[in-house]
Amino acid sequence: MSIPQLGWDRVRPANVVLVSGTEDFLAERAIRLLREILRAEDPSLEISDLEADAYGPGELITMASPSLFGEPRMIRITGVEKCTDAFIAETIQYLESPADDTYVVLRHAGGVRGKKLLDAIRGGLGNGIEIVCTELKKDSEKLDFAAAEFAIENRRITSGALRALTGAFSDDLAELAAACQQLMADASEEITEVTVEKYYSGRVETNAFRVADVAIAGRRGDALILLRHALASGADPVPILAAFASKLRTMAKISGARGASGQLAQQFGLAPWQVDRARRDLQGWDDRGLGRCIELLAETDAAIKGAGRDPVFVLERLVGVISTRGTS
């Protein structure tokens, strides 16, 4: 027996929902959509979060135990790709006889860890479904995604505007989705290339975040090339610096924090995908380097806004230091 495999936008309730694949943004959307479906069916839905990589014996059984008032339960489990042996054993045992009115959602982002559990679920244990969230790599896939964003809201966008928007935000699906939502919120009529140009002229925001992403990843040469290209294309130093500030401050909030993405997102006023992105960005960083870069960020901000004579120089210096994660 094999279980149904569905796309992120076709998620439906089941005793067990395996959300697999490397595209975190689509996975989070699928889980959020499932939560909305379940809440619409019963507003008393009780939601619990569990981290598979820090699992303690008995946690799943405890969460799935019937409550005094019998509310339906949604148990969101993250980090299944890093799960403990105890989690594998106890989850397989639980799936042999799932609790009534309980929906267990397991997020597995890829890799071989937990294969025994995945094989059991895919083989039909627990009578579940799998939501496959693979990365959208082709331009045509990203175009289809963006087109669907507008279609869901019954908004019209020209093919040229759609191509321009997708091209501007092709590196990050979450940013593409946010750009679509921003245009729909602010533009009252059909969205055209003129509309996209008005909001994202010169792709300043895209270039800014691309420079920040590459620098934070430690690719100094590439980051400097992208920075110079953005400036040569007419980008203003201020929004470029704002992109660095946004990412570094989010990294600082998440650094050292423990908990599920949803919990931290609520705690710090972020979206879950921002928490996951910050965790990826923090790989290779330490608190000392992060602190130094944030201090330099403040100095650069002052220099760009009048305290210095050469905004290009101070931006390049900032990119250089960030690319070494604050060690240079």
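Here is a chat about helices, salt bridges and cysteines in a predicted model.

Colleague: Which residues of α10 are buried?

Modeller: Those are A223, L224, L227, A230 and L231. Looking down the axis of α10, you'd find the buried residues within an arc of 125 degrees, so they line one face of the helix.

Colleague: OK, and what sits on the face of α10 turned away from the buried side?

Modeller: I225 and A232 are there, and they are exposed.

Colleague: What follows α10?

Modeller: G234 does, and its phi is positive, near 100 degrees.

Colleague: Now α12. Which of its residues are buried?

Modeller: In α12, residues 261-268, the buried ones are S261, L264 and A265. They cover an arc of only 105 degrees around the axis, which puts them on the same side of α12.

Colleague: What covers those buried residues of α12?

Modeller: The cover includes α13, residues 272-281. On the other side of α12, Q266 and Q267 are exposed.

Colleague: And which residue just after α12 takes a positive phi?

Modeller: G269, with a phi of about 70 degrees.

Colleague: Switching topic: how many salt bridges are there in the whole structure?

Modeller: A search finds 18. One of them joins the side chains of R122 and E130, with N to O at 2.8 Å.

Colleague: Which residue does D213 form a salt bridge with?

Modeller: K247, and the closest N and O atoms are 2.9 Å apart. D213 lies in helix α9 (residues 204-216) and K247 in helix α11 (residues 237-254), so this pair ties together parts that are 34 residues apart in sequence. Both D213 and K247 are buried.

Colleague: What about K247 and D281, how far apart are their closest N and O atoms?

Modeller: They are 3.3 Å apart, and K247 and D281 form a salt bridge. K247 is in helix α11 and D281 in helix α13, so that pair also ties together parts that are 34 residues apart in sequence. D281 is buried, and so is K247.

Colleague: Which residues do the shared partners join into one network?

Modeller: D172, D213, K247, R277 and D281. Salt bridges that share partners link them up.

Colleague: Last topic, cysteines. How many disulfides does the search find?

Modeller: Zero in the whole structure. A disulfide is a covalent bond between the sulfur atoms of two cysteines.

Colleague: Are C133 and C180 buried or exposed?

Modeller: C133 is buried, with a relative accessible area of 0%. C180 counts as buried too, at 0% relative accessibility.

Terms used: Residues numbered from 1 in each chain as written. Predicted model: local features only at pLDDT ≥ 70, side-chain atom pairs only at ≥ 80, totals over all residues. Heavy atoms only, no water. Buried < 20%, exposed > 50% of the residue type's maximum accessible area, 1.4 Å probe, protein only. Helix = DSSP H or I, 4+ residues; strand = E, 2+ residues; numbered from the N terminus. Arc of directions from axis to C-beta. Contact = heavy atoms within 4.5 Å. Salt bridge = Lys/Arg side-chain N within 4 Å of Asp/Glu carboxyl O. Disulfide = S-S within 2.5 Å.
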